[in-house]
Structure formats: C-alpha cells, structure tokens
Amino acid sequence: MTRAGAVSLIRSRTLFDVAEYAYAATAPAGARLIFLAGACPLDEHGDTVAVGDYAGQAAKAVENLRTALADAGASVEDVISTRVLVASARQEDLAAAWKVVRDSFGDHDAPSTLMGVTVLGYTDQLVEIEAVAAVLDEAEPDGPACPPSA
C-alpha cells in the first residue's frame with residue numbers, strides 16, 4: 001500500500017524557538033487517525049526492561065511504539081503528537097527520557113508534552129509514550145481504501 005503523508009508540522013514564528021518540537025500539527029479531512037495506547041518498556045514476556053534506567057526504558061518504549069504504529073499501517077513520520085510520561089520529579093530524569101524519544105523521531109519533530117508523574121502502571125516502570133498518528137490511505141482502483149484489518 002502506498003501512502004501520502006498526512007501530517008503537517010507547524011513551527012511558530014512568534015513563540016519561543018528553543019522547543020525541540022513543532023508547536024502544532026494538522027491532518028487533512030479524510031485522514032485516518034490512529035490513537036495509540038501508551039507504549040511501555042515491556043519485553044515479549046511482559047516484563048519491564050532496563051529497571052532504574054530512564055533512557056533504556058525510553059528506548060524500549062519507542063521500539064514498542066514503532067511496532068504498534070507498523071501494526072496500524074503507520075510509522076513515526078505519521079505521528080501528529082506525543083505525550084511522554086516519566087515517573088520522576090527530577091528534571092534530569094525527564095530530560096534523559098526525552099533525549100531518547102526526541103532523537104528517535106529525527107527530523108519529524110511532532111508536538112509533544114513531557115510530564116513528570118508519580119507512578120506508572122507496571123512494576124518498575126519509569127517511562128510511557130502515548131501518541132496519535134494520521135495517515136492518508138491511497139484509494140484502491142475499484143473503491144475507497146479501508147483501514148488494514150487486524
């Protein structure tokens with residue numbers, strides 16, 4: 001299936017320019033939105049990996065996010081926004097997780113919110129990444145495109 005990109009990132013010329021992400025993003029009418037549950041740093045057995053390591057957990061969460069996106073027919077370039085949750089009150093822990101997430105998106109600097117939280121759902125979990133993606137599925141010659149079947 002061939003797809004055209006649906007996400008347009010908007011970089012404000014009037015807001016502070018130090019942010020490592022676009023301030024807004026849009027998707028055209030007709031785009032298929034994909035709402036992803038929080039990607040967690042869990043392995044194939046459901047165990048939390050990289051216990052005590054914010055960057056290591058962020059890397060595994062990104063890997064799992066990429067898998068969920070692929071299963072939905074999308075990639076990180078289709079992400080329209082993210083929310084990165086870090087179980088810490090220390091800014092340096094948030095920054096360690098953010099660096100991994102930010103670097104994994106490359107030039108696609110989708111709008112994001114980075115939040116310190118008290119606790120996350122799995123034992124020893126420090127990082128979780130929520131995302132929304134938007135894709136334009138190319139219509140088939142004999143009719144409109146349908147989302148991929150599960």
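T82 touches F105, P111, S112, T113, E130 and A131, with residues up to four places away in sequence not counted. The model is a predicted one. T82 lies in strand β5. Its relative accessible area is 9%, so T82 is buried, the cut-off being under 20%. One of its contacts, E130, is 48 residues away in sequence. In space, the C-alpha atoms of T82 and E130 are 5.5 Å apart.

The largest nonpolar core has 38 residues. Within this core, I34, L36, L65, L69, V101, V127 and I129 touch the most other members. Two or more residues come from each of β4 (32–39), α1 (54–71), β5 (79–87), α2 (91–105) and β7 (127–137). The top contributor is β7, which gives seven residues.

L15, F16 and Y23 make a nonpolar surface patch of about 330 Å². F16 is placed in the loop between β2 (8–10) and β3 (24–26). The relative accessibility of F16 is 61%, so this residue counts as exposed; the cut-off for that class is over 50%. T82, in contrast, is buried at 9%.

How values were computed: Residues are numbered from 1 along each chain as its sequence is written. This is a predicted model: local features need pLDDT of at least 70, side-chain atom pairs count only at pLDDT 80 or more; totals for chains, interfaces and linings use all residues. Side-chain values use heavy atoms; hydrogens and water are left out. A nonpolar core is a set of buried Ala, Val, Leu, Ile, Met, Phe, Trp, Tyr and Cys residues joined through side-chain atoms within 4.5 Å. Buried means under 20% relative accessible area, exposed over 50%, partly exposed in between (1.4 Å probe, protein chains only). Helices (H or I, at least four residues) and strands (E, at least two) are DSSP runs, numbered from the N terminus. Patches are made of residues with over 30% relative accessible area and no salt bridge: like charges are joined within 9 Å, nonpolar side chains (Val, Leu, Ile, Met, Phe, Trp, Tyr) within 5 Å. Accessible areas come from the Shrake-Rupley method with a 1.4 Å probe; for residues, only the protein chains shown count as cover. A salt bridge is a side-chain nitrogen of Lys or Arg within 4 Å of a carboxyl oxygen of Asp or Glu. Contact means heavy atoms within 4.5 Å.
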